[in-house]
Amino acid sequence: DITAGKYSFAAVKNDLTAMITVSDNGAANRLWRKTGRGTGLRRVASHYSLTKTSPGRTWGTTKTTAHDQVRLLHRALTVPNSYISAKNRARILSLMKRVRSDQHWGAGGSLPAGWTSAVKNGWYRTVPGDEPPVGRWRINTVGVVYDSTGQARWIMSGYSNTWRSQSKGVRAWNAVSRQI
């Protein structure tokens with residue numbers, strides 16, 4: 001919607017910053033409403049051929065896959081495209097590089113010296129009506145990893161369910177990152 005001219009970056013900057021850097025749910029809710037709830041997401045999914053991504057009743061119930069998230073980060077943020085300007089791509093990646101330190105894990109954890117990452121992680125404790133069983137954690141990670149020269153080397157995305165605690169899921173994604 002920023003690229004389409006519906007909103008200027010200045011109009012969404014505060015909410016976008018809070019949503020990405022500190023996982024502010026209120027900011028995410030406001031952006032979800034501003035973009036027409038699932039309408040903006042459907043438009044992005046269609047443009048980038050995210051065939052397994054569909055909006056839910058809220059932003060937090062959106063269904064997607066790790067493959068679609070890698071495709072999105074690659075096509076939208078790491079290569080020039082006509083949908084998001086170079087300036088806005090740089091702005092979004094800059095925010096993802098400034099994610100609060102206690103939320104900078106998974107795709108952003110366990111990197112060699114001098115390497116950096118742009119990440120956005122997520123976590124959710126299931127409630128009645130959700131799958132998997134109630135009280136288990138969904139722990140997700142997505143990010144672009146840069147080598148010491150600043151070159152994007154890989155994009156990592158992963159989704160997991162049924163963790164007994166948030167910390168166990170975070171540790172697991174950090175272990176995967178170390179292996180990569």
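Visitor: What makes you say that R91 lies over the face of F9?

Guide: R91 is 4.1 Å from the ring centre of F9. A charge sits over a ring if NZ of Lys or CZ of Arg is within 6 Å of the ring centre and within 35 degrees of the ring normal. R91 therefore counts as lying over the face of F9. This is a predicted model, in which local features need pLDDT of at least 70 and side-chain atom pairs count only at pLDDT 80 or more, while totals for chains, interfaces and linings use all residues. Residues are numbered from 1 along each chain as its sequence is written, and side-chain values use heavy atoms, with hydrogens and water left out.

Visitor: Which ring does the charged end of K97 sit over?

Guide: The charged end of K97 sits over the ring of Y146, 4.4 Å from its centre.

Visitor: How many aromatic pairs does a search of the whole structure find?

Guide: The search finds 3 aromatic pairs, and W105 with W123 is one of them.

Visitor: Why is the pair of W105 and W123 called tilted?

Guide: Rings of Phe, Tyr and Trp (its six-membered ring) pair if their centres lie within 6.5 Å; planes under 30 degrees apart count as stacked, over 60 as edge-to-face and the rest as tilted. W105 and W123 are 6.3 Å apart, centre to centre, with 50° between the planes. The pair therefore counts as tilted.

Visitor: Why is this pair said to tie parts together?

Guide: W105 lies in the loop between α5 (86-97) and β1 (116-125), and W123 lies in strand β1, so the pair ties together parts that are 18 residues apart in sequence. Helices (H or I, at least four residues) and strands (E, at least two) are DSSP runs, numbered from the N terminus.

Visitor: Is W105 buried or exposed, and how do you know?

Guide: Buried means under 20% relative accessible area, exposed over 50%, partly exposed in between (1.4 Å probe, protein chains only). W105 has 5% relative accessibility, so it counts as buried. W123 has 30%, so it counts as partly exposed.

Visitor: What makes W115 and W154 a tilted pair?

Guide: Their rings are 5.5 Å apart, centre to centre, and the planes make an angle of 50°. W115 is in the loop between α5 and β1, while W154 is in strand β3 (residues 152-163), 39 residues apart. W154 is partly exposed, because its relative accessibility is 24%.

Visitor: How do you know that D15 forms a salt bridge with R30?

Guide: A salt bridge is a side-chain nitrogen of Lys or Arg within 4 Å of a carboxyl oxygen of Asp or Glu. The closest N and O atoms of D15 and R30 are 2.8 Å apart, and therefore the pair qualifies. D15 lies in helix α1 (residues 9-22) and R30 in helix α2 (residues 25-34), so the pair ties together parts that are 15 residues apart in sequence. D15 counts as buried at 11% relative accessibility, whereas R30 counts as partly exposed at 36%.

Visitor: How many salt bridges does the count come to?

Guide: By this rule there are 3. R100 and D102 meet in a salt bridge at 2.6 Å, N to O. R153 forms a salt bridge with D147, with the closest N and O atoms 3.5 Å apart. R153 is partly exposed at 48%, and D147 is buried at 11%.

Visitor: What is the angle between α1 and α2, and how far apart are their axes?

Guide: α1 and α2 pack at about 135°, with their axes 8 Å apart. Angles under 35 degrees count as roughly parallel, over 145 as roughly antiparallel, 65 to 115 as roughly perpendicular and the rest as oblique. The angle therefore makes α1 oblique to α2. Axes are lines fitted to C-alpha atoms, for helices over the stretch in contact, and angles run from 0 to 180 degrees between N-to-C directions.

Visitor: Why are α1 and α5 described with another word?

Guide: Their axes come within 9 Å and cross at roughly 30°. α1 and α5 are therefore roughly parallel to each other.

Visitor: What is noted about the phi of S23?

Guide: S23 has a positive phi of about 55° although it is not a glycine. S23 is found in the loop between α1 and α2, and counts as buried because its relative accessibility is 16%.
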